[in-house]
Amino acid sequence: MKKINLVLLGATGSIGRQTLDVVRRFRDRVNLIGFSVHTNVQAIEAISQEFGASYAVITSDINFKSEDLSILHGEEGLIELVSLPEVDTVLIATLGTIGVYPTLQALKLNKRVLLANKETLVAFGEFVNKIKTGLLIPVDSEHSALFQLLENRKDEVSSIILTASGGPFRNVPEKELKKVRPEDALRHPTWNMGAKITIDSATLMNKGLEVIEAYYLFGFPPDKIEVIIHPQSIIHGMVKLKDNAFMAHMSYPDMRIPIQYALFYPERLQNTSLREVDFLKIGHLDFEAPDFSRFPLLPLAYEALKRGTPYPACMNAANDIAVAAFLQHRIKFTDIYRTVESAFDRCRGKPTTLEDVEQIIKEVKEYAKEFIQQIS
Ligand SMILES: NC(=O)c1ccc[n+]([C@@H]2O[C@H](COP(=O)([O-])OP(=O)(O)OC[C@H]3O[C@@H](n4cnc5c(N)ncnc54)[C@H](OP(=O)(O)O)[C@@H]3O)[C@@H](O)[C@H]2O)c1
């Protein structure tokens, strides 16, 4: 059986570590050729020794030398790594927009891209879709669910539904939201994820980003992409069929399930370490409508999608800065909304190239920093 020759970008993060866990279980099926880290250079030797990788990319400017493996640097290093002829599969689990470069390069070279990084499609979805030749498989649990539900069935589907747990503040009244601290927001009720995405789950910005991602991945218009709050996080995605029947994808919230699915697609491998849903123990599944007034970044994401590029990129860039400031206790939780809304109002331009979008992102980030300076 041919082994998968994998590059894992963002190997030290939440998705990266869970991917290594899946690779550990299926060592006879996967060669880890190389990986990237940003700040956690201490992890390089351990990962390369355990998995026999020959290359590591450092995307920050931290210095690190190794006699055992080739060290590459920055965006160019990511592009060089995914371009190696022996690499056939690239999993992108870095934070931020840097993920777009290796994604585009791998797709151009007809390699399989397993995409966890949200920012790539949110900010550059139009450009990714224009050049897409290779196979792009989503890793995000909701999109993985929809990818599976839509396969060979797209013509039968009238709308798609993304579920959201509702985050830790699902039942917190509007006036209380001002007082919540980063420690409260980092306590996600069902998923264990990196800090940035956990805050985005608390504001429902994460669901907004996912609506935008779903648009670029599956091509449904915004009014055919619905969001339902489902606190148990058992159903990850649903499709409504033309005869009003629904199909749902269910599992316990565990990212190793969509990671494994993407890695071995179209094969579905047995893995007894992944827990089977115990429906009798769960007893019931609940659903509610998202509250657009307490969580205004979700309706704003729909608006961004309707307006098109560069609005999703503007929202995302301002949110990056606002979330970082909130995590540093510099602004209140609800100031994340204010920052993103203000940057959205100032979003301008008709970018025709990737570089144009990058320039807009740079300007929005500067604006968001100034805005935060004024309000904090
Ligand atoms: N966690 C989840 O369950 C989940 C689910 C769906 C989608 N996603 C998406 O997957 C991506 C990764 O999420 P995560 O939760 O795994 O994040 P995370 O735990 O914060 O890890 C981020 C990874 O990216 C690296 N990184 C950080 N800043 C970077 C930069 N500026 N340039 C290049 N690499 C950078 C980190 O390296 P160092 O640790 O070495 O600094 C780490 O390897 C995000 O886009 C997120 O929205 C995550």
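## The seven-stranded sheet

Seven strands make up an open sheet, ordered β4-β3-β2-β1-β5-β6-β7, with parallel pairing. At the edges are β4 (70-73) and β7, each of which pairs on one side only. On average, neighbouring strands of this sheet are turned by 20° against each other, direction ignored. The model described here is predicted.

One pairing can be followed in detail. Strand β2 (residues 30-37) and strand β3 (residues 55-58) are joined in the parallel sense by four bridges. G34 has Y55 as its bridge partner in β3.

## The four-stranded sheet

Another open sheet has four strands, in the order β9-β8-β10-β11, and its pairing is mixed. β9 (225-229) and β11 (246-250) are its edges; each has a single partner strand, so one side of each has no neighbour in the sheet. Neighbouring strands here are turned by 25° against each other on average, direction ignored.

Within this sheet, strand β8 (residues 157-164) runs antiparallel to strand β10 (residues 235-241), and five bridges join them.

## Helix α9 and K207

Helix α9 (residues 205-218) lies across β8 and β9 and runs at about 150° to β8. K207 is found in this helix.

Is K207 buried or exposed? K207 has 26 other C-beta atoms within 10 Å; the cut-off for a buried residue is 20 or more, so K207 counts as buried. Apart from neighbours within four places in sequence, the contacts of K207 are L162, A164, V227 and L298. K207 and T163 lie 44 residues apart in sequence, while their C-alpha atoms are 8.3 Å apart in space.

## Helix α10

Helix α10 (residues 256-264) is mostly covered, with seven of its nine residues buried. These buried residues are I257, P258, I259, Q260, Y261, A262 and L263.

Which elements cover the buried residues of α10? Among them are the strands β1 (4-9), β6 (112-115) and β7 (136-138). The helices α1 (14-25) and α6 (141-150) are also included in this cover. The strands β1, β6 and β7 belong to the sheet of seven strands.

## Around the ligand

The ligand has 28 residues around it, and those that come nearest are G13, H38, N40, M193 and G194. Two or more residues of this shell are given by each of α1, α5 (118-131) and α8 (195-203). The largest share, three residues, comes from α1. Helix α1 is also among the elements covering the buried residues of α10.

By residue type, the shell divides into 13 polar, eleven nonpolar and four charged residues.

## The largest nonpolar core

In soluble globular proteins, nonpolar side chains tend to be buried together. The largest nonpolar core of this model has 113 residues. The members that touch the most other members are V7, L91, A301, C314, A318, A322 and V340. Helix α13 (residues 311-327) gives the most to this core, contributing eleven residues.

What does V340 contact, leaving aside its neighbours within four places in sequence? V340 is in contact with L297, L300, M315, A318, N319 and A322. Of these, A318 and A322 are also listed with V340 among the core members that touch the most others.

Conventions: Residues are numbered from 1 along each chain as its sequence is written. This is a predicted model: local features need pLDDT of at least 70, side-chain atom pairs count only at pLDDT 80 or more; totals for chains, interfaces and linings use all residues. Two strands pair if DSSP finds at least two bridges between them. Axes are lines fitted to C-alpha atoms, for helices over the stretch in contact, and angles run from 0 to 180 degrees between N-to-C directions. Two residues are in contact if their C-beta atoms, placed from the backbone, lie within 7 Å. A residue is buried if 20 or more other C-beta atoms lie within 10 Å of its own, exposed if 12 or fewer, and partly exposed in between; C-beta atoms are placed from the backbone. A residue is near a molecule or strand if its C-beta atom, placed from the backbone, lies within 6 Å of it. Ala, Val, Leu, Ile, Met, Phe, Trp, Tyr, Cys and Pro count as nonpolar, Asp, Glu, Lys and Arg as charged, and the others, Gly among them, as polar. A nonpolar core is a set of buried Ala, Val, Leu, Ile, Met, Phe, Trp, Tyr and Cys residues joined through C-beta atoms within 7 Å.
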